[in-house]
Amino acid sequence: MDTDELIKLAVRARNCSHSPYSNFSVGAALLTKSGAVFTGCNVENKSFRLTICAEQSAVAAAVSAGERDFVRIAVVTDLAKPAPPCGACRQTLAEFNKDIEIILANTAGAHEIVKLGQLFPRPFDDLEGTHAV
Ligand code: THU
């Protein structure tokens, strides 16, 4: 699955965004090691804090299908400067792959590739063995 194809799938998912409150549509396409792709879009709610981000939707779809081995994710917005995932989404992605490749893209075709480790070098991690002082 090449970069352009993954972006195309994220754009398609973005078209399904339910974002009447922010008017900001986001799409994501998550590639797994097996070659499967799971997509997601942001889903807003009248109770604003219930909003689900596109990346989280894609992760939930993949995990629900039994896939957890994530290789790369494309995230598409219409911002001139492609936007990185929010902090919560970084933590969500780090749960499964702390250094997943992230394609930050926009609807005009611009994109930049970063690794999660660059954006989020110190996730909340490893509950076991860390409480002893
Ligand atoms: N949003 C995402 O879907 N992913 C992010 O990483 C950042 C923000 C959504 C949430 C909300 O529906 C809209 O973008 C504006 O914040």
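Student: In which sense do β1 and β2 pair, and over how many bridges?

Tutor: Please keep in mind that this model is predicted. In it, β1 and β2 pair in the antiparallel sense, with 5 bridges between them.

Student: How many residues lie between β1 and β2 in the hairpin, and which residue in the turn has a positive phi?

Tutor: The hairpin formed by β1 and β2 has 4 residues between the strands. Gly 35, in the turn, has a positive phi of about 95°.

Student: How should I read a pair of aromatic rings?

Tutor: Such a pair is described by the distance of the centres and the angle of the planes. Here the count comes to 2 aromatic pairs. One of them joins Tyr 21 and Phe 48, with 5.6 Å from centre to centre and 50° between the planes, and it is tilted. Tyr 21 lies in the loop between α1 (3-14) and β1 (27-32), while Phe 48 lies in the loop between β2 (37-41) and α2. The pair thus links distant parts of the chain, 27 residues apart.

Student: Are Tyr 21 and Phe 48 buried or exposed?

Tutor: Tyr 21 counts as partly exposed because its relative accessibility is 37%. Phe 48 counts as exposed because its relative accessibility is 58%, and the cut-off for exposed is over 50%.

Student: What are the distance and the angle for the pair of Phe 70 and Phe 96?

Tutor: Phe 70 and Phe 96 form a tilted pair, with 5.2 Å centre to centre and 55° between the planes. Phe 70 lies in strand β3 and Phe 96 in the loop between α3 (87-94) and β4 (101-106), so this pair ties together parts that are 26 residues apart in sequence. Phe 70 is buried, with a relative accessible area of 2%, whereas Phe 96 counts as partly exposed at 29% relative accessibility.

Student: How does one look for pockets?

Tutor: Rolling a probe the size of a water molecule over the atoms shows where empty space is left. In this structure, the largest pocket has a volume of about 170 Å³. It is lined by 15 residues, and those closest to its centre are Phe 24, Val 26, Cys 53, Glu 55 and Cys 86.

Student: Which elements each supply at least two residues of the lining, and how many of the lining residues are nonpolar?

Tutor: α2 (54-64) and β3 (70-77) each supply at least two residues of the lining. By class, the lining has 9 nonpolar, 4 polar and 2 charged residues.

Conventions:
Residues are numbered from 1 along each chain as its sequence is written. This is a predicted model: local features need pLDDT of at least 70, side-chain atom pairs count only at pLDDT 80 or more; totals for chains, interfaces and linings use all residues. Side-chain values use heavy atoms; hydrogens and water are left out. On a 1 Å grid over the protein atoms alone, a cavity is a set of points where a 1.4 Å probe fits but cannot get out, and a pocket is an open set with protein on both sides within 12 Å along at least five of seven lines; lining residues have an atom within 4 Å of a point. Grid points are joined across faces, edges and corners, and a volume is the space filled by probe spheres set on the points. Ala, Val, Leu, Ile, Met, Phe, Trp, Tyr, Cys and Pro count as nonpolar, Asp, Glu, Lys and Arg as charged, and the others, Gly among them, as polar. Rings of Phe, Tyr and Trp (its six-membered ring) pair if their centres lie within 6.5 Å; planes under 30 degrees apart count as stacked, over 60 as edge-to-face and the rest as tilted. Buried means under 20% relative accessible area, exposed over 50%, partly exposed in between (1.4 Å probe, protein chains only). Two strands pair if DSSP finds at least two bridges between them.
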